[in-house]
Amino acid sequence: MADLLRANRREAIALAVLLALLTVYLVTHPRGMSTYVMTIWANQCLILALAAIAQFFAVIVRGIDLSVGAVMALTNTVASYVLAGSGIGLAGGVVLVLLVGLACGLVNGILVVYGRIQPIVVTLATASVFVGLALLLRPTPGGQINYDFADAMTLDVLGVPTALIITALVIFGFWMPLRRTGLGLGLYAIGSSEQAAFQSGIQVPVIRMASFALGGLFAGLAGLYFSFVTTTGDAGIAPNFTLNAIAAVVLGGVALRGGVGSLIGAVAGAFILKTIGALMFFSGLPPLAQPFVEGLILAAAIAIGGADILRVRNRLEVFGR
Amino acid sequence: MARTLTTPDVSGLTVQPGALSCSRADFFLSNRGFTVNQTDDVIVRLEGVSKHYGATTALDGVDFACKAGEIHAVLGENGAGKSTLMKLISGVIQPSDGRIFVDGEETPLPTPRAAVERGLVCMFQELSLVPDLSVRENLMLGAPGSGLGRLPGAIVRRAQEVLAQIDGGGIGMGARVADLSLAERQQVEIAKAFARNPRLLILDEATSALNASVVDKVFTLIRAECARGVGVLFISHRFHEIEALADRISIFRNGALVDSFANGAHDYPAIISRMVGQKITDLFPAKPRARPEAQEVLRIDDFGWNGELTDVSITLRKGCITGLGGLDGQGQAAVLQGLFGLLKKTEGGIVLAGQPITLNSPGDAKNPDIGIALVPEDRKTEALILQQSIAANMELAAVGVRGINAEDPALYQPYTDALELKCESLDQPVSQLSGGNQQKVALTKWLALEPRCLLLADPTRGIDVKTKTQIYALLRRLADQGTAILLLSTDYEEFIHLCDETHIFYDGRVVRHLTGDAVTAENILAATLNIPAQQAAHG
């Protein structure tokens, strides 16, 4: 158990911080803990968590994805056209939205791998393209989503918020198995040392492509879920989500230099970030002071993760972190 | 001579791994006079292979063959083309010219994966381990048969068996590779290569960080593999290793195959002169008479740290080269770090010229009032910034030091001249230099400060013979000029022939202090294993 904690120190710290914040939130919330409060909270968290997962797949292979928010905006506007129906049409719409996300990720991946351009440059450019497309589709917010379906995805099942069930599915049904495959291992290997991965016989281009494609898919999922929560299409959501997704992965202990961290950490980071925001809302602090306090809490949360640097007795070890 | 190695065309001849034989007698008969028998089991053959990097020619029209059941040592100075050869055969780089045949069929090797699938497994000099992954994950990484899906667990068990045989049984499978010592990483690298069921095993400086007893065990393993019919290609700079292991020796110089002969056909001086193209009389400079009464420069008293070092007392004297030996990770490296201000909460005292001092950072240590310099062990990550130019790297230590103009090239020239640094210009990035020349830059960087006390962590690891002699000569000259030198080494010949006295570490303590005639290979080996000395050899 102690070993398990030590090996997953970053995730453990993020989860502990999250639990503490959530407790404070529920205690200070005027309506206390209820399914309603939890559902609202979980929905907001899941949108950012999916965006953070998209960012995670770029960061883990030593990249960064500035187009996460843009892919969300594009998929959200697409969703506002194709998710109004029911039955087969609705299912097809969901598939189409996710395919759009996947395609965006593949475009990023192709440009990074075969264009040999830095991810930050590629995604800066494609982000503009994706947002441009979204604006062409929806110059002003609008459109609609099948309400029954949206409710099913954003309310609760037997008192458990659907968003938390989806989160658990992603972690246990997708991430845990993926981590045990050659692809999962390859992601970390490339991020940690691309040369060593190549010399070990890893198919670096394939895995890097797959990583960006998965990133696009999850950004698409984030856009889709955003559609369920807001039941409308809005091309203007991109910048906010891109930056918050980066903040979330850092909070969750994913190293921006690549190769370190996990999807669980990224999810925890997103939940922390959203919980801090929600805390502020009910804190009674004057609105103008809220960003300041929010920043302080954020800084403190990050500092906890780095606190064990004080125990290092060999000054060289500081640089390995 | 070189071109006589061309083998007859054996295309169409496929060799099954199980059907290979390893008869030493056959081998020696067939190789006398450099004619290659038609039935030889050639695994890989290069024909007229060249490799150019821009204007630099790393390999020039080389014909070369590796056979099953043969240990083939490749010798040459750094930059002679050995590593380029290994990288070509293991698919890391592509030849600019020429053809590569595997089992007699022309086979391009576009990636390391393609090479591994054909049984050509390389253990790289630049370790191919991923630092942030665990040992287990590294062993599975890119293993034959693994793709994007399920990972092969069997390879981990095979690797564990190999590790157990080379004193690496204590390495935890869950440990992060970045937390392992250099020697442990090399052991894992060896296990990783062996576990991939090689038909041709390529070892590029495979044992450079390992101590003698582990090296012996690795060699036993290599011989066993060879007896099973595996071919081995072997690069090492330690002559006694090559003598102990190789069946056949090929010598490279300036990107060309100079000579290829059976082990034993030529003696050391002959081999060395073929390698350097000129005669090197002695590896080590003449050792002056011991000066035990020389003026004390630096002393540590009852030095301790974090349970890894206990009660270590060492005195460095003016003009003396003091050796630090022992198995890996016995605390000797911590002594160097402690003396360079890298350790927090050390016990005991450091006394410089009679004055107690405290060191809180390398900045303190290099301060001219103190004058301590450390050339660290890993030149690629700790000593140099590879992407930066030679000039920028050399200036780095001198920047900010009182009374020194770091940008003055005259500061560095005497040392680059003495070491014969080979480069196109000082604006060339350090990454383009060979390992030996990189080490020369790392040394110059610190020598320019004219330190009173020079700390060296294995400065000749993986370095060619010629550079070694240059470094040894320079160290002796610095000592003669009054510098106190503390030399950590894994090569015991350096203690015998270069150092004036040697401290051997075991489990964080100095177990033997050898001086004068007591510095013998037997005494050093016994002390490193913490076995009481057989004879009364206390100096």
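The crossing of α3(A) and α13(A) is right-handed in this predicted model. Helix α3 of chain A covers residues 35-60 and helix α13 of chain A covers residues 263-282; they pack at an angle of about 140 degrees, and their axes lie 8 Å apart. That angle makes α3(A) oblique to α13(A), because the roughly antiparallel class takes angles over 145 degrees. On the α3(A) side the contact is made by A:W41, A:Q44, A:C45, A:L48, A:A49, A:A52, A:I53, A:Q55 and A:F56. On the α13(A) side it is made by A:L263, A:A266, A:V267, A:G269, A:A270, A:F271, A:L273, A:K274 and A:A278. By type, the residues of this contact divide into 14 nonpolar, three polar and one charged.

Another helix pair in chain A is formed by α4 (residues 68-82) and α6 (residues 119-137), with axes that come within 8 Å and cross at roughly 20 degrees. Angles under 35 degrees count as roughly parallel, so α4(A) is roughly parallel to α6(A). The crossing of α4(A) with α6(A) is left-handed. From α4(A), the residues in contact are A:A70, A:V71, A:A73, A:L74, A:T77 and A:V78. From α6(A), they are A:A127, A:F130, A:V131, A:L133, A:A134 and A:L137. This contact divides into 11 nonpolar residues, one polar and no charged.

Next comes the contact between the chains. Chain A contributes 25 residues and chain B contributes 29 residues. On the side of chain A that touches chain B, the elements giving two or more residues are α9 (182-192) and α10 (194-199) of chain A. Of the elements on this side, α9(A) gives the most, with six residues. The chain A side as a whole divides into 11 nonpolar, 11 polar and three charged residues.

Chain B has 18 helices and 20 strands. Of its 539 residues, 51% are buried. Among contacts in chain B between residues at least 6 apart in sequence, 71% join residues at least 24 apart.

Strand β9 of chain B, residues 248-253, has five of its six residues buried, so the strand is largely enclosed by the rest of the structure. β9(B) pairs with β3(B) and with β10(B). Strand β3 (residues 71-75) of chain B runs parallel to β9(B) and is joined to it by four bridges. In that pairing, B:A73 has B:I249 of β9(B) as its bridge partner. Strand β10 (residues 256-262) of chain B runs antiparallel to β9(B), with six bridges between them. There B:R248 stands opposite B:A262 of β10(B). β9(B) and β10(B) form a hairpin with two residues between them, and in the turn B:N254 has a positive phi of about 50 degrees.

A positive phi is also found at B:D103, a residue other than glycine, where the value is near 50 degrees. B:D103 is found in the loop between β4 (97-102) and β5 (105-106) of chain B.

Methods
Residues numbered from 1 in each chain as written. Chains lettered and ligands numbered in written order. Predicted model: local features only at pLDDT ≥ 70, side-chain atom pairs only at ≥ 80, totals over all residues. Axes fitted to C-alpha atoms, helices over the stretch in contact; angles between N-to-C directions. Parallel < 35°, antiparallel > 145°, perpendicular 65-115°, else oblique. Left-handed = near helix turned anticlockwise from the far one by under 90°. Contact = placed C-beta atoms within 7 Å. Nonpolar A, V, L, I, M, F, W, Y, C, P; charged D, E, K, R; others polar. Buried ≥ 20, exposed ≤ 12 C-beta atoms within 10 Å, placed from the backbone. Pairing = 2+ DSSP bridges.
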